[in-house]
2 protein chains.
Amino acid sequence: MSKHAKEMEILKEHLGKHQLKFTRQRELILDAFLKQEHITAEELYHQLARKDPHLGLATIYRTLNLFCEAGLAQARHFGTQTQYDNVSHKGHHDHLICTGCGKIVEFENCDIERLQEEVASRNGFTIQTHRLELYGLCSRCRH
Amino acid sequence: MSKHAKEMEILKEHLGKHQLKFTRQRELILDAFLKQEHITAEELYHQLARKDPHLGLATIYRTLNLFCEAGLAQARHFGTQTQYDNVSHKGHHDHLICTGCGKIVEFENCDIERLQEEVASRNGFTIQTHRLELYGLCSRCRH
DNA sequence: ATTCTTTTTGAGACGGGATATCAATTTCAA
DNA sequence: TTGAAATTGATATCCCGTCTCAAAAAGAAT
């Protein structure tokens, strides 16, 4: 029994609703993906190459996009690359992004999260996830 | 005299500090860029092609990145493309997005903005702008 | 279990956006 | 005016992500 039983269930439910099939690859990729907080398709590809050298890169991309549709992942575009965030991961973190050099600093702030909840409930929403990116200049680029 | 004198001054100051030169192209591109709220390099390229058919696409990219370093622009990655936002153009709001029906509610929250400033300065950043999106289910979709 | 339809996969081709290259040109301080 | 340093433009190149399509796998029906 996988330790990602809950997420696997979510995936299966999504597959069922859309006439999609549960495959060995999808199971494998989900298992590996859930061990990360966030990862790129390329990184995941190399990680999995050890377990299954024939897993195609295109399949990784397709599957990660599937996870996004199922609500298990969230795509984030950083410069040229795309990061896929593990939505179920507890310590959700946000990003400070330097518009000068592209440097990225991760942070967490409970107060902000709490205020987000307030805003959401005031509007009748139940938050599943969020994205917060602060754009500006880091100390080096400002000078 | 250009009506973008203030921004032109910011650019010149940045150029001076970095041993860069003030060129006809940079002036032309800044003028065109500031007329927009946000634009892609490609769009700007086509706009300017009328005024100066020999302006190269590479120059547009280089110059927009320069503007980012000067704090005049801000790059945002949307899917495959990069949008360059005109930082001097204010009027910011955040979004609550329903993952069920796609409904979008705009909101503003000063407390959150204040906390963002705190986080940024703690990391040596000067915020130009930000993006905050809350994803969840609206009251109707939850049932 | 076997058959049959539908979906998925893998390998590589492909496409678009952005950057790198480099000789010719321009800027600007001396 | 001159010359060193930066910039430009045209294009080659890179890289990420998607598309293509024949072969394989899933899973429903029998």
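Start by selecting the surface near DNA strand C, where the residues divide into seven nonpolar, 12 polar and six charged. (Ala, Val, Leu, Ile, Met, Phe, Trp, Tyr, Cys and Pro count as nonpolar, Asp, Glu, Lys and Arg as charged, and the others, Gly among them, as polar.) Of the 25 residues around DNA strand C, the nearest are A:L20, A:G56, A:T59, B:A58 and B:T82. "Near" a strand means that a residue's C-beta atom, placed from the backbone, lies within 6 Å of it. Colour α2 (24-34) and α4 of chain A, then α3, α4 and β3 (81-86) of chain B: each supplies at least two residues of this surface. Those labels are DSSP runs numbered from the N terminus: helices are H or I with at least four residues, strands are E with at least two.

A word on what you are looking at: this is a predicted model, where local features need pLDDT of at least 70, side-chain atom pairs count only at pLDDT 80 or more, and totals for chains, interfaces and linings use all residues. Residues are numbered from 1 along each chain as its sequence is written, while chains are lettered from A and ligands numbered from 1 in the order in which they are written.

Now hop over to DNA strand D. Which residues come nearest to DNA strand D? Out of 26 around it, they are A:A58, A:T82, B:L20, B:G56 and B:T59. α4(B) gives the most, with four residues. By class, the surface near DNA strand D has eight nonpolar, 12 polar and six charged residues.

Next, show both protein chains. Here 36 residues of chain B are in contact with 35 residues of chain A; contact means C-beta atoms, placed from the backbone, within 7 Å of each other. On chain B's side, β6(B) brings the largest share, 12 residues. That side divides into 16 nonpolar, 15 polar and five charged residues.

Zoom in on the two β6 strands. β6 of chain A (residues 126-137) and β6(B) pair in the antiparallel sense over 11 bridges, where pairing takes at least two DSSP bridges. Click A:H130 and you'll find B:L134 opposite, in β6(B).

Time to look inside chain B. The largest nonpolar core has 18 residues, and B:L30, B:F33, B:L64, B:F67, B:L72 and B:A73 have the most contacts inside it. A core like this is a set of buried Ala, Val, Leu, Ile, Met, Phe, Trp, Tyr and Cys residues joined through C-beta atoms within 7 Å; buried means 20 or more other C-beta atoms within 10 Å of a residue's own. α4(B) gives the most to this core, with six residues. Now pick B:A73: beyond its neighbours within four places in sequence, its contacts include B:F33, B:L64, B:F67 and B:Y84.

Last stop, chain A. Select β2 (residues 73-78) and β3(A), which run antiparallel and are joined by six bridges. A:R76 has A:Q83 as its bridge partner in β3(A). This hairpin has two residues between the strands, and A:G79 takes a positive phi near 55 degrees there.

Technical notes
A residue is buried if 20 or more other C-beta atoms lie within 10 Å of its own, exposed if 12 or fewer, and partly exposed in between; C-beta atoms are placed from the backbone. Two residues are in contact if their C-beta atoms, placed from the backbone, lie within 7 Å.
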